[in-house]
Amino acid sequence: MRALALILCLMPLPAKAECVVLLHGLARSDASMLVLQEVLSFHGYRVVNETYPSDDAPIGDLVRYVGRSAALCGQERMHFVTHSLGGILVRAWLAQGHPPNLGRVVMLAPPNHGSEIVDALRSNEMANDIATFFNGPATAQLGTDPHSVPNNLPPVDFDLGVIAGDLPINPIGAAVIGERSDGTVSVASTRVEGMRDHITIPASHTLIMMNPIAMAEVLEFLRNGVFDHGITYVGALRKLARRWPAMEAEP
C-alpha cells in the first residue's frame, strides 16, 4: 500500500479543467459564436455558449445573463470571450465583484467608449426608432457621450486582452466613424484603461469572431496572457489546426 501511495504521489497532476463563457453581440445569438466554440472545444476548453435576449432589454437587465452563464462553469477556472456588447456586459457584471475562479477575458470589437454609429442614429429620430425596434433598447445606451453605459463603467481590474478590427465591410459605417474602425466601432473606442494587451487585425465588426487570426489570438491570450503580435494568417491557421499541449495544473 505504501508503494502504491508513493507511485500516486510521484505521478504528474492532471490538468485542471478550464471553462470559457462566450457572449455574443447585439441582435446576435449563440450561432454567431459557434465556430469559435468549436475551436475552443478542440483545444481542450469546456465552452458555455448561450443566447441571451440582447434585442429585448436594456443593458442593466442583460447583465444577469452573464451570471447565469458563469454559474454553468461551476468551480472550474473561468474565462470570458466576448463580441461587441458582450464585452460591456462582462465589464458591468465584474464591476459588481470578481468570482474566485475568474481567469482571463478577451473582448472582440468591444465599444468600450461607445460607437459613433449609435451617435449618428440618435441624431435622426426615424433612424433611431428603427434601430431600437430591430435591435432593442440597449442600442441607444452604446453611444460615445459621457452618459452612455460604457463611459460610466469603471476601468478594468481583471486580466483583459482586446482585439479590434480595422477592415470595415460597411462603407457607410466607415464614413460615419471617419477614422480607423471595423465599420461599427473605432479602434480607439475599443481601448480601455487597465487592459493588459491590445491588438488590431484586418477584420470587420460583423465577422471578427470567425476570423482565423482573431481565434488564434484568443487562444494565445487565454494561454499566455498576451497576444502574438507577429502572427500571420497562415500562422494562425497552423495554430488552430494543432492541438496545444495539455495545460499544467496550478500548484
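What covers the buried residues of α5?

The model is predicted, with local features needing pLDDT of at least 70 and side-chain atom pairs counting only at pLDDT 80 or more, while totals for chains, interfaces and linings use all residues. Residues are numbered from 1 along each chain as its sequence is written, and side-chain values use heavy atoms, without hydrogens and water.

**View 1. The open sheet has 6 strands in the order β2-β1-β3-β4-β5-β6, with parallel pairing.** At the edges, β2 (46-49) and β6 (197-201) each pair on one side only. The twist from one strand to the next averages 15°. Helices (H or I, at least four residues) and strands (E, at least two) are DSSP runs numbered from the N terminus; two strands pair if DSSP finds at least two bridges between them.

**View 2. β1 (residues 18-23) pairs with β3 (residues 77-83) in the parallel sense over 6 bridges.** Opposite Val 20 stands His 79 in β3. Helix α2 (residues 34-42) packs on the sheet and touches β1, β2, β3 and β4 (102-108); contact means heavy atoms within 4.5 Å. The direction of α2 makes about 165° with that of β2. Axes are lines fitted to C-alpha atoms, for helices over the stretch in contact, and angles run from 0 to 180 degrees between N-to-C directions.

**View 3. Helix α5 (residues 85-94) lies across β1, β3 and β4.** Its run is at about 140° to β3. Because 10 of the 10 residues of α5 are buried, the helix is largely enclosed by the rest of the structure; buried means under 20% relative accessible area (1.4 Å probe, protein chains only). Among them are Arg 91 and Trp 93. The cover includes β1, α3 (59-62), α4 (64-71), β3 and β4.

Conventions. Buried < 20%, exposed > 50% of the residue type's maximum accessible area, 1.4 Å probe, protein only.
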